[in-house]
Amino acid sequence: MFIRVALNLVIICCSTILGNQIANGYIHRVRELRTFQMCIAKLETEIIYYSTFLPEALENVGKTTAGGIGQLLCDVASNLKDKKGVNIEAAWQLALDENKTNFKMTYEDYEVISRFCCQLGTADKTTQKQLFELTQLQLYKQEKKAEEDRDRYEEMYRSLGFLAGVTIVIILF
């Protein structure tokens with residue numbers, strides 16, 4: 001009898017933890033998009049106003065940013081310095097591929113970032129400033145979508161995890 005109760009609790013706890021992990025992905029996506037917006041603003045300051053070279057600007061921003069996004073920026077800077085990428089686009093793509101598992105972003109989020117990366121450092125300051133503003137706007141829209149998804153799905157997955165565990169326990173025992 002004791003083993004049966006213990007197994008029931010283990011099943012319910014595991015499914016609840018799984019539901020919480022899925023729900024936390026929605027929270028992390030919003031956080032990552034906000035962090036990336038902050039990094040874009042810092043990059044804009046470094047490149048437009050301080051006239052810092054792109055690899056150094058990426059490294060400076062990457063060092064001041066915690067988490068996977070900071071690591072991504074440092075990897076891009078490293079790829080540019082080590083000439084691993086033929087151009088900025090290849091350096092970004094290589095770094096994104098290496099760090100993709102560290103993020104909870106969707107395909108649309110990656111598209112916004114990829115478009116930004118392809119055009120970064122390829123034009124004059126005025127055009128770069130417009131690129132930064134456009135990317136900030138696009139990331140803001142993605143953040144709003146992510147918040148809507150979080151509001152819609154977070155509680156559902158938390159409840160679903162627990163209820164799935166209870167259902168499995170009822171079916172099995």
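The questions and answers below cover helix packing, cysteines, aromatic pairs and selected residues of a predicted model. In this predicted model, local features need pLDDT of at least 70 and side-chain atom pairs count only at pLDDT 80 or more, while totals for chains, interfaces and linings use all residues. Residues are numbered from 1 along each chain as its sequence is written, and side-chain values use heavy atoms, with hydrogens and water left out.

Q: Which residues of helix H2 (residues 54-64) are buried?
A: Helices are DSSP runs of H or I with at least four residues, numbered from the N terminus. Buried means under 20% relative accessible area, exposed over 50%, and partly exposed in between, with a 1.4 Å probe and protein chains only. By these terms the buried residues of H2 are Leu-54, Ala-57, Leu-58, Val-61 and Gly-62.

Q: Why are the buried residues on the same side of H2, in terms of the arc around the axis?
A: The buried residues are Leu-54, Ala-57, Leu-58, Val-61 and Gly-62. The arc is that of the directions from the helix axis to the C-beta atoms. They are on the same side of H2 because they cover an arc of only 130° around the axis.

Q: Which helices do the buried residues of H2 pack against?
A: The face of H2 turned away from its buried side carries the exposed residues Lys-63 and Thr-64. Contact means heavy atoms within 4.5 Å. The buried residues of H2 pack against helices H1 (2-49), H3 (67-81) and H4 (88-99).

Q: Which side chain is joined to that of Asp-109 by a polar contact of 2.6 Å?
A: Asp-109 lies in helix H5 (residues 107-119) and is buried, at a relative accessible area of 0%. Leaving out residues up to four places away in sequence, Asp-109 touches Arg-29, Leu-33 and Gln-142. A polar contact is a pair of N or O atoms within 3.5 Å; within protein, one must be able to donate a hydrogen and the other to accept it, and residues adjacent in sequence count only if both atoms are side-chain atoms. The side chain joined to Asp-109 at 2.6 Å is that of Gln-142.

Q: Which residue is joined to Glu-147 by a polar contact of 3.2 Å between side chains?
A: Glu-147 is found in helix H6 and counts as buried at 13% relative accessibility. Not counting residues up to four places away in sequence, Glu-147 touches Val-30 and Arg-34. The polar contact of 3.2 Å is with the side chain of Lys-144.

Q: How many disulfides does a search of the whole structure find?
A: A disulfide is a pair of cysteine sulfur atoms within 2.5 Å. The sulfur of Cys-74 is 9.8 Å from the closest cysteine sulfur, in Cys-39, too far for a bond. The search of the whole structure finds zero.

Q: What is the distance from Cys-13 to the nearest cysteine sulfur?
A: Cys-13 counts as partly exposed, at 45% relative accessibility. Cys-13 is in no disulfide, and the nearest cysteine sulfur, that of Cys-14, is away by 7.0 Å.

Q: How many aromatic pairs does a search of the whole structure find?
A: Rings of Phe, Tyr and Trp (its six-membered ring) pair if their centres lie within 6.5 Å; planes under 30 degrees apart count as stacked, over 60 as edge-to-face and the rest as tilted. For the whole structure, the number of aromatic pairs found is five.

Q: Why does the pair of Tyr-26 and Tyr-157 count as stacked, and how many residues apart in sequence are the parts that the pair ties together?
A: The ring centres of Tyr-26 and Tyr-157 are 6.0 Å apart with their planes at 20°, so the pair is stacked. Tyr-26 lies in helix H1 and Tyr-157 in helix H6 (residues 125-172), so the parts tied together are apart in sequence by 131 residues.

Q: What is the angle between the ring planes of Phe-116 and Phe-132?
A: Phe-116 lies in helix H5 and Phe-132 in helix H6, so the pair ties together parts 16 residues apart in sequence. Phe-116 counts as buried at 1% relative accessibility, and Phe-132 is buried at 0%. The pair is tilted, with 5.6 Å centre to centre and an angle between the planes of 55°.

Q: What is the phi of Ser-51 near?
A: The place of Ser-51 is in the loop between H1 and H2. Most residues other than glycine have a negative phi. Phi of Ser-51 is a positive value in a residue other than glycine, near 55°.

Methods
Helix = DSSP H or I, 4+ residues; strand = E, 2+ residues; numbered from the N terminus.
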